[in-house]
Structure formats: C-alpha cells, structure tokens
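Hi,

Here's the structure I promised to pass on.

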Amino acid sequence: MTKDTWGRVQNDLKATIGKDAYKNWIDPLELVEKSGNVIRFAVPTNFFGDWVSRNYGDRILQGFLDDGLPVERLDFSVSRGAVTPVKPNGSSPVKSAARPVIKTAKPEADLPGSPLDKRFTFDKFVVGKPNELAHAAARRVSEGGPVTFNPLFLYGGVGLGKTHLMHAIAWEIQNRQPEAKVLYLSAEQFMYRFVQSLRFKDMHGFKEMFRSVDVLMVDDVQFIAGKESTQDEFFHTFNALVDQSKQIVISADRAPGEISGLEERIKSRLQSGLVVDLHPTDYELRLGILQSKQAAQAQFYPGVELANGVLEFLAHRISTNVRVLEGALTRLFAFASLVGREVTLDVAQECLADILRASDRKVTIDEIIRKVADHYNLRLSDMLSPRRARSVARPRQVAMFLSKMLTSKSLPEIGRRFGGRDHTTVIHAVRKIEELKAIDNQIAEDVELLRRMLEA
Ligand code: ADP
Ligand code: MG
C-alpha cells in the first residue's frame, strides 16, 4: 500500500517540480518502511536528506495524506551498511553512503532557480490584518515599474506565507513581463550553487548567471548565517544587482538585525529597503484561509461535507501556522471520502487528535466554568450542582460545549468536572448548543463572546 502510494506521489512530484529536480532529489530516495505513522527513506548523505526534507518534505507528506495514509512525519536518514546506488548520472553504484550524490553535472547554463508552486499565486493568498502590509508590498513589487524599495525584505514565523508571497511575485512578474529574467531560489540553493561552482572552478559562470537576472529572490536567507564565504558572495551579488537597479526580494524567519551570525554589512544592506513582517495569524484570517481552501478541496472530493462549525473549530484550535491548518483540512477531506461519513465536530476531533494536542491552547475547564458562571451571574456551585432548571442548565451546557471546543479533554473527563456527570450528558449538551446556536442569536452571541474572552 505504502509503495503504491509512493509511486503515485512520485508521479505527482515529477509533474510539479520538473524533471531535473525530480531526477536530482526524488529519484535517489529509497522508501525503506512505514513504521507507525512515520515513513522512512534512505538517502545518500545527511545534506541530501536535509535538503529534500526542507524543500520537498511538505509536498511528499501531503502526497501521502492525500492518498489517505495516516502519516505524521517523514524521516530521511543515511542508511548505514546498505548499498545505495547513485543513479542520476548512471555512474557505478557506490558502497559508501558518505559519498555525496551531488556530482551529477556542472551547473546548467539556464537559471538555477527552484520551481514555482502553481498554487502560490496572489489570487490564492487570503489577505487579513496580520499580512496586509506584506501583501501590499509584494503586490507593488510585482507590478514592476521603477524600483522603489530595494530590497523588499519579508520576514515572519514558519508557515505564515513568506514563500507563498515570493512565488506570487514571481508568477505575477512573469505574466506581466514575460521577457524578464526572474530568479527565485532558497538561500540553501544559493549556497549549493556557490559551493558547486567552487568545486567545478566555475566562479565566473556563477557570477555571470546571478548578475544577469532582472529580479532576484532569495528565500529563507537566515540559512546563510554563519557561512562566511557564501555570505561574501551573496553580498557581492546583492550589491551588483542593486547597482543596476534590479529588484531584490528576500525572506527570513526574523528581522535582519536579529539574525545572528550574519555580517553587519549584510544586515544593514538588508535593512536599506523596505522591511515588512507577517504577523501571526488571527482567528478571522485563519477562518478566511480555511474557507478558501475548503472550496479548493471540494473540487477534488465531490460529495464530501463538513458539518457547520468544523471550520470555525479548526480556526480556533489550530493557531500555530497555516501549513498545519491546511494539513488538517486535507486530512479531514481524505478521511471523509475514504469512509464516506460526514465530518462532524466529533469526527474532526478524533481524526485530528494528534494535531490538536500539539497546538492545544491550554484553556482549562476550570477557567471555562468560572467565565461562564460570571457571564450568566451564577455561582460556581450552580454550574456543578444537579439542578436542572433551565436558568442553570443552559449555561452549564454552554460551558460543556466550550470545554469540548477549546480543550482536548475527553467527554468522560468533561462530565466528571461538571459535578460527576455522565459523558452522554456532555454529548447531549454539545448537540443542544450546536442546534441552538443556529436558531437562537442570543446563544450564538454568548458563545462567541465567551470564546473570545477565553482565548484572549
Ligand atoms: P513560510 O514560507 O512563511 O514558512 P509558506 O508560504 O510556505 O510559509 O506557507 C505555508 C502554507 O500556508 C502554504 O501552503 C501557503 O499556501 C499557505 N498560506 C500561508 N498564508 C496564506 C494565506 N494568507 N492565504 C492562503 N494560503 C496561505
Ligand atoms: Mg518558506
């Protein structure tokens, strides 16, 4: 099963990343085993494994998830003792895993960029308060015209859309000015090219190649921190391009001044243009992104339905990064299409238990009970008491509902915390409030208000 899926994932990759990248990076991977929720690949060197993991890891993982395999992690390690043939250039197999595989050919004469992801365009980028400025700056740069801010420096945490925006800029420039030479690559790849041209004694070619572009985009520049000769070369390339008024776009996981191991002259160069950051997502942006991705997923999985409230639930609970959010949604769709069940809140919680645990926001049941009691002017003891008058029972149900939504406690555990009630009582409460929210504005508002207070 895993092998078949891997075959399919490989075919998809071939189509999306291009033949060359496929041959260099994917073909040499050897599927070893699936143990638990981890899929192991043997790679020729650590560098190779690192590279594939960073550049293609997400895509490969997504491929397996799309095919319905419950995979959480990929592992790329050097297989000790195993014979790992080096295939790309058809040379004889090497026994030692320590021999680098990257000796295929001299750097190609064409531009050595990374492939652009077809999905990373402006029209698929959802704009909200946290990324408004970065988006506007990216748009401006992509419209061409006189170079006003150089470089554009985008920074922010993992999975907040830096790479997406960079690809979007590249696509847009290519659409508007097909003759412009746009080069997008990761800082790692820049380093790799640099090291390779040193090895092949082709620094001249390297310099020519990088200095002939109209737009240079280097992603994840923090990677060259501490790598002195690469930094030097980067600095010279950078200056040469700025002197010719060529646009440069850089991204990093933090502000230029905060990247340790980066030379001061480079820091100040990077700060000399426009520096904008992508803020952590807020609830509204996450919901917007989920809605847009849901529409996209729905095309692949006709007939799959997410119950009301599932997207809201995900947007509340997964606040770490957008990639995780997307992964969760993909998994839900795959799951629903496999088992042919509607995705209710319960199904979603079960199916995503691991992800939810990892991004738990640590709201406690005690807090929920206190806030809800406050809100409805009840005593704490009322919330836990056996009284069933509506004036007490309804708030108690709201609190149970919120406990289910905002914590990862099980139903029996929640029941216990509400004066030792049975888990069926909790289920009933959750259903009741879900129903009422749809028809009773007052309840819907109360729940929303409480949710915001608890998550603030
Ligand atoms: P980063 O480079 O900052 O780590 P990415 O650009 O790779 O993050 O984004 C991670 C994933 O989240 C990508 O699939 C991307 O399409 C998606 N994503 C991030 N922000 C947005 C957004 N505002 N709208 C739509 N998708 C987004
Ligand atoms: Mg990125």
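A quick term before the ligand: I call a residue near a molecule if one of its heavy atoms lies within 4 Å of it. On that basis 18 residues surround ligand 1, and the closest are Val-126, Gly-159, Thr-163, His-164 and Glu-326.

Keep in mind that this is a predicted model, where local features need pLDDT of at least 70, side-chain atom pairs count only at pLDDT 80 or more, and totals for chains, interfaces and linings use all residues. Residues are numbered from 1 along each chain as its sequence is written, chains are lettered from A and ligands numbered from 1 in the order in which they are written, and side-chain values use heavy atoms, with hydrogens and water left out.

Back to ligand 1: an oxygen atom of the ligand sits 2.7 Å from a side-chain N or O atom of His-164. For Arg-323, the distance from a side-chain N or O atom to a ligand oxygen is 2.8 Å, and a polar side-chain atom of Glu-326 is 2.8 Å from a ligand oxygen too. The protein covers 94% of the 560 Å² of accessible area that ligand 1 has on its own (Shrake-Rupley method, 1.4 Å probe).

What does Leu-352 touch, leaving aside its neighbours within four places in sequence? Leu-352 is in contact (heavy atoms within 4.5 Å) with Leu-314, Ala-328, Arg-331 and Leu-332.

Cheers

Definitions and conventions
Polar contact = N/O pair within 3.5 Å; in protein donor to acceptor, adjacent residues only side chain to side chain.
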